[in-house]
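Let's go through this one together, asking at each step what a label rests on. Have the structure open and follow along.

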Amino acid sequence: MKNLKTVSLLCGISASLFFFGCSSEQDIDDPNAASETSASIAFLATGIEAGIRLDHQIYLRSVAVMGRDIYYFEPSDPRYTQELMRGPIDANGFLLTRPWASRYRVIRDCNTLIDRAAELSGGDGNSTAGFARTMMAYQLLINLNYTDENGIRVDVKGTVPGPFVGRTEALAAIGGMLDTANGELQGGNATFPFRLTSGFAGFSTPASFAQFNRGLRARVAAYQGDFQTALNALQGSFIDASGDMKNGVYHVYSTGSGDQLNPIFENPSADFVKALGHPSFEADAEAGDTRFSSKVLKRPAATTFDDLTSDLGVVVATSSVSPFPIIRNEELVLLRAEANIGLGELGAAESDINAVRANAGLGAVSLTSADQALTQLLHERRYSLWLEGHRWVDMRRYGRFSELTIDRAGDVIIPMMPIPTNEN
Amino acid sequence: MRVQRFLMLAALVMFSMGLLAQELAISGTVTNETDGNPLPGVTIVVKNTTISTVSGESGAFDLKVTGFESVTLQFSFIGFAAKTETVSASTDSLNVALKEAPLALSEEIVVTGFATSVKRQNLANSVATITAEKIARAPSQTLDGALSGKFAGVLVSQNTGAPGGGISMTLRGVSTINGSSQPLYVVDGVIVSNTEVQSGVNEVTAAAAAGSRSPQDQPSNRIADLAPSDIESIEILKGPSAAALYGAKASNGVVIISTKKGRAGETVYNISQSYGQRSIIKKLGVRTFTAETAFATFGQAGLDVFNQGNFVNYEDEIYGNKGDIFETRFNASGGNEKTRFYFSGLALSDEGIIERTGYEKYGLRINLDHHFNDRFTVSLATNFVKSSADRGLTGNDNTGTTFGVSLSSTPSFMDLRPVDGVYPINPFAQSNAVQTRDLIRNRETVNRSMVSAKFDWSVFESARQSLDFNLTAGTDFFTLQNDARFPRDLQFEQVSDQPGTAILGETESELTNLYLNLTHTLYSTGGISFRTTGGVQFEEGDLNNINVVGSNLIEGQFNLDNAAGVTVTQNRIIQVDQGYFFQEEINFNDKIYFTAGVRGDSSSANGDTDKYYTFPKSSLSVRLSEYEFWSGLKDIFTEFKLRAAWGQTGNLPPPFAKYTSFNSVNIAGMGGLLPSTLAGNPDIEPETSEELEIGFDATILNGKGTIEFSYFQQDISDLILFRQVPPSTGFTQEVINGGEMTTDGMELALNFNPVRTSNFNWTTGINYYTYDSEITRLDVTSFTTGGFAAFLGQYLLREGYSPTTIIGSELLPEGPERTALEAQGLVPYQPLGNETPDFQVAWDNVFTYKNFSLSGLIDWKEGGDIINLTVLLTDLGGTTYDLDDPVAQQRLAGLGTSTAPFIEDGGYIRLRDLRLQYEIGRSGLDNIVYGKLHHLRFALTGRNLWTDTDYSSYDPEVSNFGSVAIGRSVEVTPFPSSKSYYFEVSVGM
């Protein structure tokens, strides 16, 4: 009897051991995220399009503050009104490191997609690689805009990233990448083997996407000072001096789950907003310039923060789901003007500049000298492309930082971002 | 399979043993020497055998011993000096009187593992135990909150003053950099969850959206759910040498909690009711403006508001609430020899110092013990808790929405209070803090059940040996709901065109445990005893967190289907662990005690899930006072024991550390994938902590006092590090095992009973402890972590430095040290402070005079620096109380280049708890309620009543980042800490 009890108990214990031991698989897949094997071409391509928005607002805000497009009043972070306006820049600070890292994160996705593209047949493989390479070049350009002479890494395919290269070499590499991509896109089928969002409406086939590629190439060429290449590239782009200046490629946003809202948007009539136009943007505006009146809403009271004061509400984005431009016709027309000025073709430049001005409700100007033409061009770029990430870069390219307003004693214009500490 | 074979073998062994004849029958009673009253519950052990019993209600006991002609009986009871009596067949009834000795705890049983325990007199580690009276001296919202200052070597610190808790516990210093930092909690033998679940309010505050990605939702931790009044005792295994048998989860120490059990006899009821009040410990003051300073700080718009002439002290307005506290407790205990029960109920309502915040808790516990017969016992502990905390909106943010950040830029001349139900717009910040307080909800509701069952089977027992089997199983299940509501008409919601936010987080957590243990005890004839213990452990945890954020809400509605936009996130943590242990104890006549053991652990969190990581231990104690040569010293050192212990424990990698995954990102209704920013490590291993502890324990002057001294050194290797990688790889971090750290320190505990008369008794105890840590090897480039940026104060991790070193913008002066660092390509940061305190002292006193008793604990932390960013924000916002002083101007002028002014000494001396009690015992209550009352007790109690500190902000107990290992001491506009006092009436019948 006693033995029986003992044996049955031991059996029970063994059974429970067996149950626990077997039911508890310890080699568990990540319950929260996909493995690389489940990353299909469509998921990767969409990932790239979603990813180029990540932390991009930090970049846009930072270059807009450094280029004195706006002030950014952040009561819980002194950096926007201190570090960005008077330095020194913290090479480990998030203003630099977060957008920088997010761009390279997208580039990693691009490299994965290029590898995947090799598994596809002919045309689809070409167009997929062309798409990925174009997006990669765009992401590299954004980081190079931040660090300029300090350079970027261009070859980051493997686990050990390649060396830093300076501005000239980096621009050449980005330009070359765009050219390679253009060739690949030309060798694509009628459609991509994946879908793009409405942000690429009109640019969602390999052939039309190549026009976006050429637009970027023109921007890079202008940065290189290679104006003939810029003009050539523009010919393959979607430039149209008489067309809709807003036509172009955009970041799109939605309230869908897992999506982003337009981070630039703030309700301009809210009682406290963080982004406010730099007073010089109002002071320098020509009367009747719709580019000013459509992008700025005068607020009933000025806001003062950290000894800076402005009453210029920002209405570049009209809602939290409005798209935000990546590149658009207005920039292309101004790029053609810039290239022509660079090549001494002031007449051609004048007609493009006046096309943009007419669109803004302003009268024509005449270009008389190279220097005056350039000043005029930079003025038009400032008002046409306000807050789209250009002014700081433009003034740097032409060595005109001294023309930017210094608001407070001790403020400086930050010339370029340092290389992030964790790159070393 | 190995285990089954082991069990079978064990069963065979025991049946092969015979039984001896010859019987000795002993009976008697035990009494208290002082008053002659019978003593129930005294343990009576026949020395050198497996035989023991416990005295019954009238102090009576009887024992049957076979195979001996005479035996030595040992009588022991906590609070009394142990006594031995030799008994032979000729002995008649035995009457034994025990002498009270409040400090003689040597017979107390100390738990050292799942099925292992040891008498304190033999223990080779310093293990502190506190009992119910000290835990529940003054009411505390949460269990961990009641433990501050109670243990040498244990730093208990509050992270937030928000109702519902949020406490971190550090045992003998930090032992990890990126791993889990909190100790393992074992309640009634079963591991329970102490998870911190982030509330999700980051969606509104965006606290983790800029300088730091670390979550900052000011979470509570789940050990808060236990009711302090249900606890019988708490024991803390502080280091690896003591905690080795808990293996890969124990490198932060183990907190072993035993809940109250029923006592056989007449059912006893206790009811107690407390009423108390809570208020802010310290107010900082607000800046007094003049027209000039208002204009200088806020421009013309500021001056216009100033001229309206309304002044509001926002510290009083927001943090000035006097919160009412009601606590009702009931318990009943009783049973008979076979079945005993303990039943308790708790209802607590505790209002916060911010209006519309507070904590409510309802608890129910039933503990049952049943002896089927002499050989089978079952113990069941069940606990159900429902708690609800309204935690307000405090801490860091990047949206100007939390009370503190909003007020940091709101001057006192701006009147935020509603006029005819309309809240004025605050032009000085993105939110109107009064409106936010009045309209939001940030509620955390927990429903939790914890059940543990213990089955003990005396498989075999003879006079000389015994084999015991134990099965312990437990489950800890809770659902936690975070319900945060931000109506669309809030000022800050209007900034968005999707106004109104509803956050609903649902978390389900289930922990299941199964332990099977066998213990074999053998008493040899030479007075040497052996105990062999082995067991297996299975543990599974599954935490599933679903967080839904609805935006653009319909007016007055918070159901998620009333939101125009919905975002869902889900996070699951699944962990499956298995382990085994084996331990051999050898006891030489209670003079020398030796143990050696090993624990093996495998876990789904490790890279190699099949690999068992082993954690050995060994210890030795020698009771010198038991030897002849000590007899001359007995009057001074009544008991003296030297001890040494060595052991290893581990800290498992975070469950996600081995995966390199792709994260989903959506755009315009399409799903996409982006590589994770973390490069996982498929070979990740647990961290290993190794500790050597040496010390002595002494009882002096025949029990008038005790001295415990320990020195320890811990070496932690294979540190799990999130190494920063060049972000151009697409990753920002990778996980590696690479680094070593060493911590050494000492602990001294003194307890005295200087006065003991029939009317007056005074016991006093002092704990002192200090430790230092140093990173001895770092396989990654030195880096800064925690905080937000170097110029805002961060922690520096660098070889040769303490891991809690705080740095800022300041660099070392020119010199060889700086040159050397620069030569290595390192930033020559100048250390500006250190979170680790210089030392801590706790002084506890208990006075009793007749029916009165007065007890209190003074807790002194010397040093330990804090990064005070609250003052930085108020400086920037122009509202700091001292901003018109030159010193504040200097602080502000140096911003960006000088961080030192924001790093402050967080030392304090604090009256942790105080209790004044008047108790009428049974004899005084004869004529009341027909003599049915056991006791009637009145008490005035208080917690944190008095604090002395140089720290300039609200309270030096603060952490913006919760219970992180490195980076705790950062303050950003927290929920201020509070003090509380209570009046309590308690009746027993």
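## Reading the labels

Q218(B) sits in the loop between α3 (202–205) and β15 (231–237) of chain B. Keep in mind that this is a predicted model.

Q: Why is Q218(B) called buried?
A: Around Q218(B) there are 31 other C-beta atoms within 10 Å. The cut-off for buried is 20 or more, so Q218(B) is buried.

Q: What makes the phi of Q218(B) worth a look?
A: Most residues other than glycine have a negative phi. Q218(B) is not a glycine, yet it has a positive phi of about 55°.

Q: Where is L387(A), and what is said of its phi?
A: L387(A) is in the loop between α14 (370–384) and α15 (391–397) of chain A. L387(A) is not a glycine either, and its phi is positive, about 70°.

Q: How do you know whether L387(A) is buried or exposed?
A: Count the other C-beta atoms within 10 Å: L387(A) has 23. Buried takes 20 or more, so L387(A) is buried.

Q: Why is T519(B) called buried?
A: T519(B), in strand β24 (residues 501–523) of chain B, has 21 other C-beta atoms within 10 Å. Since 20 or more is the requirement, T519(B) is buried. Leaving out residues up to four places away in sequence, T519(B) touches A115(B), D468(B), R531(B) and T533(B).

Q: What makes the buried residues of α9(A) lie on the same side?
A: The buried residues of helix α9 (residues 227–235) of chain A are F227(A), A230(A), L231(A), A233(A) and L234(A). They cover an arc of only 165° around the axis, and therefore share the same side of α9(A). On the other side of α9(A), Q228(A) and Q235(A) are exposed.

Q: What covers the buried residues of α9(A)?
A: The cover includes α8 (206–224) and α12 (329–342) of chain A. A230(A) itself touches A218(A), A221(A), A222(A), L335(A) and A339(A), not counting residues up to four places away in sequence.

Q: Which residues have the most contacts inside the largest nonpolar core?
A: They are A132(A), A137(A) and A230(A), in a core of 168 residues. Apart from it lies another core, of 67 residues, among them V110(B) and F151(B).

Q: What makes the bond between G87(A) and P88(A) a cis peptide bond?
A: Its omega is about -10°, and the bond is cis. Most peptide bonds are trans. P88(A) is found in the loop between α4 (83–86) and α5 (94–117) of chain A.

Notes: Residues numbered from 1 in each chain as written. Chains lettered and ligands numbered in written order. Predicted model: local features only at pLDDT ≥ 70, side-chain atom pairs only at ≥ 80, totals over all residues. Core = buried A, V, L, I, M, F, W, Y, C linked by C-beta atoms within 7 Å. Buried ≥ 20, exposed ≤ 12 C-beta atoms within 10 Å, placed from the backbone. Contact = placed C-beta atoms within 7 Å. Helix = DSSP H or I, 4+ residues; strand = E, 2+ residues; numbered from the N terminus. Arc of directions from axis to C-beta.
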